[in-house]
Amino acid sequence: MSAASPAQPRTERRHVAVIPCRWGASRFPGKPLALLGDKPLLWHVHQRCLEATRVDGVLVATDDERIEAACRRLGIECLRTREHLTGTDRVAECAKRVPADGYINVQGDEPFIAPAAIDAVSDALHRLGSGTLAVNAYTELGDVGAVLDHNVVKVVLTTGGNALMFSRQPIPYPRADRPTYLRQLGLYGFTGEALRQFQRLPQGPLEKTEGVEMLRFIEHGYGVRMLPVSDEGMAVDTPEDLARAARLLISPTD
């Protein structure tokens, strides 16, 4: 018999998808439980996460008893948290209570998020370089209305592929040429240490002004790796968006 092969180093990693949900969104109160078809919005996001193959668990994180009760009825794992400034702060609390090697923050208003995009963020998180604390997915924006929509967060990149700036305004300004506009998806990947660092950092003036939490890392000199993904979904920011999402649910090719 041949000699036994030496033990191989452990390569498994556990990544958990966390869907932060709150009741009091200023533009659409109660949005996570708004019905899309015959199921709440958060259920659709949860289903997309279940379809991803690179995550090992999915949970909703909320400070609201109504959302928690709905998750129980739907058989969705839910973690009750304190109130937080941002969804990432909420995910950071989950990281203290749910052991994992990485955490994928999936926004609760993206009912058509591509499972392959979630997997891509998970894979990229596994390969983060020094000084880069997060992975953030993005897609190109071809619709002029979306470029001008302040609900759609735009991003510009460094030559190395990290985020240079996020804004709700169209950036860059098309002074000399027609630029390619990029949309930040609400799809982030973090290690536990990155989330602990996020909570240690104070909100800076840009994050407070724009309401874009990834600016917290950038304002304090840390890298956010931007990852291009294929995703033709939409965020539900308003009741009008929900009506549009309902039409897409019925006729996804429209």
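# A walk through the side chains

Guide: Methionine 226 lies in strand β11, residues 223-228. Strands here are DSSP runs (E, at least two residues), helices are runs of H or I with at least four, and both are numbered from the N terminus. This is a predicted model: local features need pLDDT of at least 70, side-chain atom pairs count only at pLDDT 80 or more, and totals for chains, interfaces and linings use all residues. Residues are numbered from 1 along each chain as its sequence is written, and side-chain values use heavy atoms, with hydrogens and water left out.

Visitor: Is methionine 226 buried or exposed?

Guide: Buried, with a relative accessible area of 4%. Buried means under 20%, exposed over 50%, partly exposed in between (1.4 Å probe, protein chains only).

Visitor: What does methionine 226 touch?

Guide: Contact means heavy atoms within 4.5 Å. Not counting residues up to four places away in sequence, methionine 226 touches several residues, including Asn136, Tyr138, Val155 and Phe166.

Visitor: New topic. How many disulfides?

Guide: The search of the whole structure finds 0. A disulfide is a pair of cysteine sulfur atoms within 2.5 Å.

Visitor: Where is glutamate 110?

Guide: In the loop between β6 (102-106) and α4 (115-125). Glutamate 110 is buried, at 2% relative accessibility.

Visitor: Which side chain does glutamate 110 join in a polar contact?

Guide: Arginine 183, at 2.9 Å. A polar contact is a pair of N or O atoms within 3.5 Å; within protein, one must be able to donate a hydrogen and the other to accept it, and residues adjacent in sequence count only if both atoms are side-chain atoms.

Visitor: How many salt bridges?

Guide: The count comes to 15. The rule is a side-chain nitrogen of Lys or Arg within 4 Å of a carboxyl oxygen of Asp or Glu.

Visitor: Which residue does arginine 97 bridge to?

Guide: Glutamate 93, at 2.8 Å, N to O. Both lie in helix α3 (residues 87-97), 4 residues apart, about one turn of the helix. Arginine 97 is partly exposed at 43%, whereas glutamate 93 is buried at 6%.

Visitor: Which residues form a network?

Guide: Glu68, Arg72 and Arg80 are linked by salt bridges.
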